[in-house]
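Please look through the sequence and the model below before reading on. The paragraphs that follow go from aromatic rings to helices and then to a pocket.

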Amino acid sequence: MLGSMKAAARRLTLEIVGWTLLVAGIAALVLPGPGLLMVFAGMAVLSQQYDWAERRVEPLRLRAMRAAAYGVAKPSRIVASGFGVLWMWAWGVVWCLDPAVPSWWSLPDSFWLPGGLATGVSLVASGFLALALLAWSYRRFHGQPEELRELERDIDRADAA
């Protein structure tokens, strides 16, 4: 009986964590935050419970790796990503400072910098995460076209399966 209770508690915990990460990740695709990472993490957790999720985790992982490789394939992409990090940090600081609503703002005041400090902190943290991922991608893929070719083959195999 105790074993079945543990199994049920584990299953419930995985369900809650997996679905929470998946839904929050989908929301973070349009809101500040690491949306794709959260979607992948949610799918990875749900893959322990559902066959449909397990079938999608590996193709999703491979496509994320391909995107990381493309992101550091050219110097212009690396520079653009670096500016993206700086842009995120700048907006995060603006959100954290919570400046007064400017006179040119034509929408209701409640639409000015929604989310307040939490959004600012999320933007700054996402910038650090993006910088870490950029550095990892650079070390893993930059100047190694054979790695990208191997990823493409793996994606083709995963799609055929």
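In this predicted model, Trp-112 has a relative accessible area of 16%, and because a residue under 20% counts as buried, Trp-112 is placed in that class. Trp-104, by contrast, has a relative accessibility of 61% and counts as exposed, since the cut-off for that class is over 50%. Elsewhere, ring pairs join Trp-19, Tyr-50 and Trp-52 into a cluster.

The helices can be taken in order of the chain. Helix α1, which covers residues 2-28, has 27 residues and extends 38 Å from its first C-alpha to its last, a span close to the 39 Å expected at 1.5 Å a residue. Its buried residues are Leu-14, Glu-15, Gly-18, Leu-22, Gly-25 and Ala-28, and the element against which the buried residues of α1 pack is α2.

Helix α4, made up of residues 75-97, can be described in the same terms. It has 23 residues and reaches 33 Å between its first and last C-alpha atoms, close to the 33 Å expected at 1.5 Å a residue. The buried residues of α4 are Ile-78, Val-85, Gly-92 and Trp-95, and these buried residues pack against two helices, α3 (51-71) and α5 (116-141). Just after α4 ends, Asp-98 adopts a positive phi of about 50°.

Met-65 lies in helix α3 and, with a relative accessible area of 14%, is buried. Once its neighbours within four places in sequence are set aside, Met-65 is in contact with Trp-136, Arg-140, Phe-141 and Leu-151. The C-alpha atom of Met-65 is separated by 16 Å from that of Ser-81, a residue 16 positions away along the chain. Ser-137, for its part, is found in helix α5, where a relative accessibility of 7% means that it counts as buried. With neighbours within four places in sequence again left aside, the contacts of Ser-137 are Ala-68, Val-72 and His-142.

Which elements give two or more residues to the lining of the largest pocket? This pocket has a volume of about 920 Å³, and the elements in question are α2 (35-46), α3, α4 and α5. Among these elements α3 gives the most to the lining, with 8 residues. The lining comprises 28 residues, and those that lie nearest the centre of the pocket are Leu-36, Leu-37, Ala-64, Ala-67 and Leu-133. By residue class, the lining of the largest pocket divides into 19 nonpolar, 7 polar and 2 charged residues.

Terms used:
Residues are numbered from 1 along each chain as its sequence is written. This is a predicted model: local features need pLDDT of at least 70, side-chain atom pairs count only at pLDDT 80 or more; totals for chains, interfaces and linings use all residues. Side-chain values use heavy atoms; hydrogens and water are left out. Helices (H or I, at least four residues) and strands (E, at least two) are DSSP runs, numbered from the N terminus. The expected span of a helix is 1.5 Å times one less than its number of residues. Buried means under 20% relative accessible area, exposed over 50%, partly exposed in between (1.4 Å probe, protein chains only). Contact means heavy atoms within 4.5 Å. On a 1 Å grid over the protein atoms alone, a cavity is a set of points where a 1.4 Å probe fits but cannot get out, and a pocket is an open set with protein on both sides within 12 Å along at least five of seven lines; lining residues have an atom within 4 Å of a point. Grid points are joined across faces, edges and corners, and a volume is the space filled by probe spheres set on the points. Ala, Val, Leu, Ile, Met, Phe, Trp, Tyr, Cys and Pro count as nonpolar, Asp, Glu, Lys and Arg as charged, and the others, Gly among them, as polar. Rings of Phe, Tyr and Trp (its six-membered ring) pair if their centres lie within 6.5 Å; planes under 30 degrees apart count as stacked, over 60 as edge-to-face and the rest as tilted.
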